[in-house]
Amino acid sequence: MPGRPERGGRDVPAIERQLAGAAEAAGLALAPAQLTQLSAYARLIEKWNRVVNLVGSGSIDAIVRAHLGDCLAAIPWIEGPRIADIGSGAGLPGLVIAIARPEYAVALVESRQRKCRFLRQAAIELGLANVTVFAARIEHWEAPHEVDAVTCRGYSSLAKFFTDTRSLHRPGLRLYAMKGAIEEQEIAAVAVPRESIEVRRLHVPGWDHRHLVTIALDG
């Protein structure tokens with residue numbers, strides 16, 4: 001039986017197979033319902049991208065490969081259960097984490113109102129009861145409770161990420177930054193001991209340089 005057609009000639013089962021491959025490559029065992037959620041999320045980004053400019057390229061292939069696949073590769077290394085995703089934008093990686101880890105509570109912190117409207121609508125349409133959206137700059141955000149981890153993707157330098165999240169810092173917190181190429185000079189600019197920072201290379205099809213930088217606040 002032919003799949004449900006999508007824009008650009010893609011059908012939903014084909015999108016879900018692509019997502020399943022990305023999840024498998026990352027070592028994630030996702031249920032069919034989660035793959036369906038991820039597929040619906042990709043199509044929501046494609047739809048809203050025409051007016052809100054959520055991501056650079058709005059094709060389904062680019063969204064799945066360059067964005068969702070990238071986030072899936074980082075998820076095995078991100079520990080919750082209470083996560084704040086800052087500068088969330090299109091919900092990357094926050095909404096992907098919320099789908100892949102439904103036991104986690106994910107706060108999406110985004111200063112731009114139009115993107116917040118997208119994030120709220122996506123959480124509703126995807127049935128993500130574990131997601132809360134906050135319209136605020138992270139420097140001014142008052143978290144309703146302590147968080148265990150802070151995530152970002154394409155936010156800024158590691159030093160700015162560290163400084164902007166200072167109000168959330170406490171022993172045991174982990175800061176996770178998804179980055180492209182990373183240099184020792186950028187790492188050295190963070191005001192923590194070097195041994196508190198781990199740089200993990202992520203293997204993402206279609207990407208040459210992807211890394212997850214973890215800053216552990218243990219003291």
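Residues are numbered from 1 along each chain as its sequence is written, and side-chain values use heavy atoms, with hydrogens and water left out. Because the model is predicted, local features need pLDDT of at least 70 and side-chain atom pairs count only at pLDDT 80 or more, while totals for chains, interfaces and linings use all residues.

Colleague: What is the strand order of the open sheet?

Modeller: Strands (E, at least two residues) and helices (H or I, at least four) are DSSP runs, numbered from the N terminus. Two strands pair if DSSP finds at least two bridges between them. The open sheet has seven strands with mixed pairing, in the order β3-β2-β1-β4-β5-β7-β6.

Colleague: Which strands stand at the edges?

Modeller: An edge strand here has a single partner strand, so one side of it is left without a neighbour in the sheet. The strands in that position are β3 and β6 (197-201).

Colleague: What is the average twist from one strand to the next?

Modeller: Axes are lines fitted to C-alpha atoms, for helices over the stretch in contact, and angles run from 0 to 180 degrees between N-to-C directions. From one strand to the next, the twist averages 20 degrees.

Colleague: In which sense do β6 and β7 pair, parallel or antiparallel?

Modeller: Five bridges join β6 and strand β7 (residues 211-217). Within this pair, Val 199 has Val 213 as its bridge partner in β7. The sense of the pairing is antiparallel.

Colleague: Which strands does helix α3 touch?

Modeller: Contact means heavy atoms within 4.5 Å. Helix α3 (residues 60-74) packs on the sheet, and its direction makes about 150 degrees with that of β4. The strands touched by α3 are β4, β5 (173-179) and β7.

Colleague: Why is β2 largely enclosed by the rest of the structure?

Modeller: β2 runs parallel to β1, with five bridges between them, and five bridges also join β2 to β3, again in parallel. Buried means under 20% relative accessible area, exposed over 50%, and partly exposed in between (1.4 Å probe, protein chains only). Strand β2 (residues 105-110) is largely enclosed because the number of its six residues that are buried is five.

Colleague: Which helix lies in the β-α-β unit with β2 and β3?

Modeller: The unit is right-handed: with the strands pointing away from the viewer, the path from the first strand over the helix to the second runs clockwise. The helix, residues 113-125, is α5.

Colleague: How many salt bridges does a search of the whole structure find?

Modeller: A salt bridge is a side-chain nitrogen of Lys or Arg within 4 Å of a carboxyl oxygen of Asp or Glu. One of them joins Lys 179 and Glu 186, with the closest N and O atoms 2.7 Å apart. The search of the whole structure finds 12.

Colleague: How many residues apart are Asp 148 and Arg 82?

Modeller: Their side chains meet in a salt bridge of 3.0 Å, N to O. Asp 148 is in the loop between β3 (131-135) and β4 (149-153), and Arg 82 is in strand β1 (residues 82-86), so the pair links distant parts of the chain, with a separation of 66 residues.

Colleague: Is Asp 148 buried or exposed?

Modeller: Arg 82, its salt-bridge partner, is partly exposed at a relative accessible area of 29%. Asp 148 has a relative accessible area of 14%, which means that Asp 148 is buried.
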